[in-house]
Amino acid sequence: MEENSSSSNGIEGYLYCISPSARHGGEAAQCFQTFCVLSGRHFSQWRHKEDLVPLRSGVLDLDYNVEDTGRQVVDVKVLYTIRLYSTTDFKKEVLMGAESSEEIAEWFRAFTCSLGKPLDVIPDTWPSSASMQIGCFTEPHWGDSTPTNALRMEVESPLIQMQKERPYTSLGTPGPETPLLSENFSNGGTADFHTVSPGTVPKWSLVGCKNGLRFFEETPDSLFNYNKLPVTKAVGVVKAPADQIFNLIMDYGPERHQWDHMYQSASIIETIDGHSDVLYLCLRHDWMWARPRDFCLSRYWKREENGTYSVFYRSVPKWPLQPGHVRAYIHSGGYIVTPLKGGPSRKPRTLVEVVLEMDVAGWSSLCGTWFCSYPVHLRNSLLSVVAGIREYVSAQRVNSSVTIVKRLSMEFMCNHFQRCNTAESFATSTPFLNTEELDEFHDATMDQFSECSETASETFSIHVETSKPPIMATSTPTACPQQGIFDMPYFKGSLSRGPLKGGKHCFSEPESSNFLLRGSNFFKNCSMVPAGEPVCKLVAVDWLKGKDKIDNVAGHPHSLVQKVLFNGELFFFIFNLQVPYTPNYSLLFYFVTGEEILEGSLLHRFIFGDDTFRNSRLFLIPAVPEGSWIVKQAVGSRAVPLGQILDTTYHVGSNYIEIDLNLGSSGVVRGIMGLVFGYISALVVDLAFFIRSDVEEELPERILGVSRIAHLQLDKAVPPLAGI
């Protein structure tokens, strides 16, 4: 395993480049291996490490983003993939993959960190080249008064535009807070988890131990129902890396018969995306006269930033019942695979949890668990596969080392790009990631790009666009000292305000102290403290639906915001959660503050700053106080960097900023929404929006606004105002 250097300024390694046909469902999908180098915002792909000429190279503009596209099968290879694309030109994209999920996660983290940094000029110590001219253009910023097609600037830059950056920082992704963390977080001073308070974690009771596994049952909210099996989980420790166990769980080939004693056969009947599919599964006959069970399951998986893998299952009616079987149902269930600190031998260890909330169906289910032992037997047999994984792994001679991509030093990068300057082909100017001109490049085979290949190929330089200029503040919102200013009759949305507990299809404001944020001494002792009073008050919520995506609602003349435009004493923060569904839904939160927003403050810089700054600071902490296990685990309680994982658009007016968040722009979030929509009417969800503090002067952090949505009904969404 390569050691990561804290002083490194880049990352290098081999990645598969996948042809466009794989992205768009083509039958002739191909992939070939390239050597990739990422340093700051400069990214290049080479035939192999010792090549003198890159296949393509350039600076990633502020419009570029990276998406985790999950697990795909290309050229009979199981690859874990990421997509690098331009948010302004969808033809500019490249799909890259690796056979190791840990390796692609390292690349994703590096891209996320690099794209979250500003575009700066190259340090003077870097080699320059006059042979590569980079034109810089951009679209006007939201709220800008310049013409739509106005040309911003045209400048000539050196070969590389990059900046010295600090070591990569961990960014939270949607998911649960795991009880045991890797060693990197055990030494103090590096952990940073914005989470909900421990009181919201579900309680589990130990009910037994068998085969080295511990069995737990979730404490029910109501009296025990003898006709329903309680939510149960089995927990065990496996001496193997987390990604190896994850691959075993995801694979339903012949190898599964060696550790899963309940498995008979399985097939993937529908692939939704790299994180979601539909699985048909048959269990073997194992109980006297009872017929074997089968399942039709929606499967969704994700990887957490700390290396934890989650695989979730729930039954869906998408496959006919097979003769001789009884269709059983999994209401919620799945695996949680968490890496642990290494023991005295420093060998990898992993905590494996499998959870089930199920109905075995048939006569045994009708008799109830009190009169028939088969439901309990089937559930416990399915939970016991953790012991099978443990024994199977211990019996195999498996190479547990994982090849992680290498961090780069400044000296290596200087030598690397000095060689590039000797290549005459760098004078070519081709738009970066232009798939129309890369078809021939993508159709090449693996053999043509082997280590021994000496054939010259066309090289690629880039055409870059500058960042959108920031909106300049013309006035500073001021506070209004009047009492009851938030009780104006204009503050009324389509969703009514309800009680904090027991509400139906309503919103409320939970206690902000349930959420943990960075305290005043965070950079000294990493202290996380309960949040204080929010900056803004939640005054209204809209639940809208329409044929098209609903955006820029606050800019409509008849919107709630425009009704109080004349006041001038309030400032609105509107969060528009756009849900791509049939039809399109939007959940809008209207937060209002009467506090004075001082010029130069973090809040002022967020309102009037550029999109790169906003995207790097905008975070959300979710929580699910009421709901099924599968939704609580999928949503989790970690802080989510909204601007870095979702396509985000900002609309700024004289008294508001509207933040449109496209929940369909991330494969991970799409998978979570697929689970949430199946249980949405039974959920209570808390959302806390905040702007992250990155320097000591900005501490302590404050919640921007907090909301609770209780038992939302899809059929009660209303059309937006005409013209929106």
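**A look inside the largest cavity**

Guide: Happy to! Of the 724 residues in this protein, 57% count as buried, and please keep in mind that the model is a predicted one. The chain forms 15 helices and 30 strands. When contacts are taken between residues at least 6 apart in sequence, 69% of them join residues at least 24 apart.

Now let us go inside. There are 5 cavities of 30 Å³ or more, and the largest of them has a volume of about 540 Å³. Its lining is made up of 26 residues, and the closest to the centre are Leu577, Leu663, Met673, Val685 and Leu687.

Which elements give two or more residues to this lining? Three of them are strands: strand 24 (571-579), strand 26 (618-626) and strand 29 (684-691). The others are helix 14 (642-645) and helix 15 (667-679). Among these contributors, helix 15 gives the most, with 5 residues.

Leu577 falls within strand 24 (571-579), Met673 within helix 15 (667-679), and both Val685 and Leu687 within strand 29 (684-691).

Finally, what classes of residue make up the lining of the largest cavity? By class, 25 are nonpolar and 1 is polar, while no charged residues take part.

How values were computed:
Residues numbered from 1 in each chain as written. Predicted model: local features only at pLDDT ≥ 70, side-chain atom pairs only at ≥ 80, totals over all residues. Heavy atoms only, no water. 1 Å grid on protein atoms, 1.4 Å probe; cavity = no way out; pocket = protein on both sides within 12 Å on 5 of 7 lines; lining within 4 Å. Points joined across faces, edges and corners; volume = space filled by probe spheres on them. Helix = DSSP H or I, 4+ residues; strand = E, 2+ residues; numbered from the N terminus. Nonpolar A, V, L, I, M, F, W, Y, C, P; charged D, E, K, R; others polar. Buried < 20%, exposed > 50% of the residue type's maximum accessible area, 1.4 Å probe, protein only. Contact = heavy atoms within 4.5 Å.
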